[in-house]
Amino acid sequence: MLRSDRFLAYALILPVVAAVVAFVVGPTYNVATLSLTQVVMGQERGFGTLGNFKALAADPVFGLVLKNTAIWILGGTVLCVSVGLAVGTFLAIDSRLTGWLRALILLPWVLPDVVTAMAWKWMLHGQVGIIGQTLQQTGLTEGTISFMGDPDLVMWMLVVVLIWRKMPLVALILCAAIRAVPDDQVEAARMDGANAVERFRFVTLPNIAFSLTAVTVISMIWITAEFALPWIMTGGGPANASQIMATYIYQQSFEFFNWGVASAMSVINLAMLVSIVALYLYINRRSWASEASK
Amino acid sequence: MGSVALRNIRKSYGAVEVLHGIDLDIQDGEFTVLVGPSGCGKSTLLRSIAGLETISGGDIAIDDAVINTLVPKDRDIAMVFQNYALYPHMTVAKNMGFSLRLARQSQAEIDRKVKAAAEILDLTALLDRYPRQLSGGQRQRVAMGRAIVRDPKVFLFDEPLSNLDAKLRVQMRSEIKELHQRLKTTTIYVTHDQIEAMTMADKIVVMRGGHVEQIGTPLELYDTPASVFVAGFIGSPSMNFVAASAEGGMLRIASGEVLGPVTGDVSSGREVIAGFRPEDIRLSDTGIGARVALIEPTGAETQLTLRTGDASIIMTTRDRITQSVGDTVHFSVPADKLHCFDAASELSLTNRTRPQ
């Protein structure tokens, strides 16, 4: 390569590198150093301490937050992808109904977070929510259920709303992947004697493995980063029963000004996410490899 | 055993009927080729036999048992698809053994049958490969292997060679024919290529617009085509057709020259289409005058394009040609090589017993 070409190449990628350093690497580095800094009342008091992590370990709420976050991320991802796969499989069927549904299903996805959260908050309200009232009036339950007030229930209610909001795009992506499965493979499987379940298991699933992996990883990242939905619906309550990493980090930093502890949690959050995604990619490395070599 | 009988098969998509009552008898062990231009319904007919399409009317019977409503897997039929349709995530061995695995056969049994089929098809060394690591011809053989391991009553081939390059196509053509001679399984083969049909078939079914145009052995179709369509479709280069009228037992073409005697029962003054094959034309001192428009030598034989009036006549000859472009020549056609078709219905008027 000519010398001037090389300079041009560097010059051309410079803006992107600068942007990534400024907006991704920089803040990450900042949070990482902050997590090792003692902060009292918003004032930095000395770098090079594991005090923030020790404080977290001693915090009884943090254990609860970890449990809730596990339900939120793992439960959310598993349900989002499995429900999305089921809906996507249904939408992949050719009919006029599914043609309309394919367009309509994106509706939850285009609503803003705040609208979704407020609407569901009212529908699930303990006294005046339409869902509780309907259940009571049809005689399915004795009284109204306090969906958001029950510590055992609230986390799962959040997951349900999360699925409602995030599943449509997953379903649509998987629907597209299923429709791209070559017809002749499905027909060959029919000739080979495969029933509908076997055709799904042995032909459709392997063919959409790449999309399924990608959509799982993306869902997990979306759900981990989702803040507005739980914050507006419960604010972490009642009594931290729906406190997850995202909301607890926000509370610690912007309500209690414990920036050190909040940064430590962010670092833990990032490490968890990276390791889960890395594990998932490792397990599914074959589908990526085979896709790449086509 | 594997005789196939089709009785008045009809197939409609909504209001559009694409198969208009097909009748066909295929004997056990016969290699039958369905041939016709695209859109003639040959693939639809094959897929109906396979059970991938439901027919709108008629009966499909295998060994006299009607199978109209059976799902594909219960019909005991194997199919080879145009695009091979191999499962990309399975090795060659897994691809070939998939149907046996679904049928819950023991692994030892599956291994034995896959190995046997692989030996027939020369695939033994490739059993652990994935389809993406194979060439087109190898994939085609795996697709055939997948059909062979099931030992079905009937093999169906849906244009299996159309994705291969010309040289490989000729090679696979003989491989499939040899395979059939070895296994003697009833085979129905769909193609749009008349050369494939001629070289492989015991029996050719020429289809057009959802109808059967003619059924016969390759040479029956070649020697006694039932219509202009079959005459033009079978044979390459295709038959020459010229408008002619019957006058006093002779065929007179537009220029007024006489082509030869009328073959068959044609009344005087009737408008007909005269047909004759390029290889049956002889250059002679007398006969119809024409100008040489094009000379295309291929080595073994030479193809000449002759112009007479506004008609273009193709002739092929194995003789070395001394004429050059622009020369005037005379040609004639032996009386027993002339075909006569009705000008309106385009059906053959020639009732000739086939030469032995």
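## A cis proline to start with

Let's open with Pro237(B), which sits in the loop between α8 (228-233) and β11 (240-247) of chain B. Helices here are DSSP runs of H or I with at least four residues, strands are runs of E with at least two, and both are numbered from the N terminus. The peptide bond that leads from Ser236(B) into Pro237(B) is cis, with omega near -5°.

A word on what you're looking at: this is a predicted model, in which local features need pLDDT of at least 70 and side-chain atom pairs count only at pLDDT 80 or more, while totals for chains, interfaces and linings use all residues. Residues are numbered from 1 along each chain as its sequence is written, and chains are lettered from A and ligands numbered from 1 in the order in which they are written.

## Chain B in outline

Chain B has 8 helices and 20 strands, and its C-alpha trace spans about 75 × 45 × 40 Å along the principal axes. Of its 356 residues, 39% count as buried. Buried here means 20 or more other C-beta atoms within 10 Å of the residue's own, exposed means 12 or fewer, and partly exposed is in between, with C-beta atoms placed from the backbone.

Contacts are also counted on C-beta atoms placed from the backbone, with a cut-off of within 7 Å. Take the contacts in chain B between residues at least 6 apart in sequence: 64% of them join residues at least 24 apart.

## The six-stranded sheet

Chain B has an open sheet of 6 strands, in the order β6-β7-β8-β3-β9-β10, with mixed pairing. Its edges are β6 (77-80) and β10 (211-216), each of which pairs on one side only. Pairing requires at least two DSSP bridges between the strands. On average, neighbouring strands of this sheet are turned by 20° against each other, direction ignored.

At one end, β9 (residues 203-208) and β10(B) pair in the antiparallel sense over 5 bridges, and Ile204(B) stands opposite Gly216(B) in β10(B). Helix α4 (residues 136-148) of chain B lies across β6 and β7 (154-158), running at about 175° to β6(B). For such angles, axes are lines fitted to C-alpha atoms (for helices, over the stretch in contact), and values run from 0 to 180 degrees between N-to-C directions.

## Two aspartates with positive phi

Two loop residues of chain B have backbone angles worth a look. Asp64(B), in the loop between β4 (57-62) and β5 (65-66), has phi near 70°, a positive value in a residue other than glycine. Asp64(B) counts as exposed because it has 8 C-beta neighbours inside 10 Å.

Asp76(B) lies in the loop between β5 and β6 of chain B; its phi is positive too, about 60°, although it is not a glycine. With 17 other C-beta atoms within 10 Å, Asp76(B) is partly exposed.

## Nonpolar cores

The largest nonpolar core has 100 residues, and those with the most contacts inside it are Val33(B), Leu34(B), Ile49(B), Met79(B), Leu156(B), Ile188(B) and Ala274(B). A core is a set of buried Ala, Val, Leu, Ile, Met, Phe, Trp, Tyr and Cys residues joined through C-beta atoms within 7 Å. Apart from it lies another core, of 51 residues, among them Met157(A), Val170(A), Ala171(A) and Ala177(A).

What does Ile188(B) touch, not counting residues up to four places away in sequence? Its partners are Val4(B), Ile26(B), Thr32(B), Leu34(B), Leu46(B), Ile49(B), Val154(B) and Leu156(B).

## Inside chain A

Leu56(A) is in helix α2 (residues 51-58) of chain A and counts as buried, with 23 C-beta neighbours inside 10 Å. Leaving out residues up to four places away in sequence, Leu56(A) touches Phe62(A), Val261(A), Ala264(A) and Met265(A). The C-alpha atoms of Leu56(A) and Met265(A) are separated by 7.9 Å, though the two are 209 residues apart along the chain.

Helix α6 (residues 113-123) of chain A has Thr116(A), Ala117(A) and Trp120(A) as its buried residues. They cover an arc of only 95° around the axis, so they are on the same side of α6(A); the arc is that of the directions from the helix axis to the C-beta atoms. These buried residues pack against α8 (154-179) and α11 (228-233) of chain A, while the face turned away from the buried side carries the exposed Val114(A), Val115(A), Ala119(A) and Trp122(A).

## Where the chains meet

Across the interface, 15 residues of chain A are in contact with 16 residues of chain B. On the chain A side, the elements giving two or more residues are α9 (183-191) and α10 (196-225), and α9(A) gives the most, with 6 residues.

Methods. Two residues are in contact if their C-beta atoms, placed from the backbone, lie within 7 Å.
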